[in-house]
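Visitor: I have a chain open and want to talk through how it is put together. Can we start with the overall layout and then go inside?

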Amino acid sequence: MITRGSKSVEEYQKELEMAMIRANFNEDEEVMMSMFFNGLNRDITNVVELQSYVEFKELVHLAIKVEGLLKRKSSTRSRAYLRSYLRSFCPW
C-alpha cells in the first residue's frame with residue numbers, strides 16, 4: 001500500500017496514480033478517492049473530511065490546500081486563521 005509518509009500531497013498523488021497505471025488498476029473514481037484519502041496523514045484528513053468534493057482532482061486540491069495551511073500553522077496568526085477556518089465548517 002502506498003502512503004503519504006513524508007512525501008508532499010502532490011508527490012503522494014503522483015506516486016499513487018503511477019502505481020495504479022502500472023498495475024492496470026481501472027477502478028472508478030470513488031475507489032481511487034478512498035485509496036488516496038486513506039493514505040493521507042491524520043491532520044490533513046481531519047480537515048478534508050469536513051469539506052465537500054465530488055471528483056478526485058477536487059480532493060487532491062483540498063488536501064494540497066490543507067497541507068499548505070498546516071505548514072504555515074507554526075506562526076500564531078496562521079494558527080488563528082486555521083482555527084477560524086475549521087470553525088466555519090465545524091462550529092462546535
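**Helices, rings and core**

Visitor: Before that, what kind of model is this, and how are residues numbered?
Guide: This is a predicted model, in which local features need pLDDT of at least 70, side-chain atom pairs count only at pLDDT 80 or more, and totals for chains, interfaces and linings use all residues. Residues are numbered from 1 along each chain as its sequence is written, and side-chain values use heavy atoms, with hydrogens and water left out.

Visitor: How many helices and strands does the chain have?
Guide: There are five helices and zero strands, in the order α-α-α-α-α along the sequence. Helices (H or I, at least four residues) and strands (E, at least two) are DSSP runs, numbered from the N terminus.

Visitor: What share of the chain is buried?
Guide: Of the 92 residues, 35% are buried. Buried means under 20% relative accessible area, exposed over 50%, and partly exposed in between, with a 1.4 Å probe and protein chains only.

Visitor: Why is the Y12 and F36 pair called stacked?
Guide: The ring centres of Y12 and F36 are 5.0 Å apart and the planes are at 20 degrees, so the pair is stacked. Y12 sits in α1 (residues 9-22) and F36 in α2 (residues 29-39), so the pair ties together parts 24 residues apart in sequence.

Visitor: Is Y12 buried or exposed?
Guide: Y12 is at 0% relative accessibility, so Y12 counts as buried. F36 is also at 0% and counts as buried.

Visitor: And what does F36 do with F56?
Guide: F36 and F56 pair edge-to-face, 5.4 Å centre to centre with 80 degrees between the planes. This pair links α2 to α4 (residues 56-72), across 20 residues.

Visitor: What else does F36 touch?
Guide: Leaving out residues up to four places away in sequence, F36 touches V9, Y12, Q13, L16, F56, L59, V60 and A63. Contact means heavy atoms within 4.5 Å.

Visitor: Which residues have the most contacts inside the largest nonpolar core?
Guide: F36, L40, I44, V48 and A63 do, in a core of 22 residues. Such a core is a set of buried Ala, Val, Leu, Ile, Met, Phe, Trp, Tyr and Cys residues joined through side-chain atoms within 4.5 Å. At least two residues each come from α1, α2, α3 (42-48), α4 and α5 (76-89), and α4 gives the most, with eight.

Visitor: Back to α2. Which of its residues are buried?
Guide: M32, M33, F36, F37 and G39. Down the axis of α2 they fall within an arc of 165 degrees, taken from the directions from the helix axis to the C-beta atoms, so they line one face of the helix. They pack against α1, α3 and α4.

Visitor: Where is Q51?
Guide: Q51 is in the loop between α3 and α4. At 11% relative accessibility, Q51 counts as buried.

How values were computed
Rings of Phe, Tyr and Trp (its six-membered ring) pair if their centres lie within 6.5 Å; planes under 30 degrees apart count as stacked, over 60 as edge-to-face and the rest as tilted.
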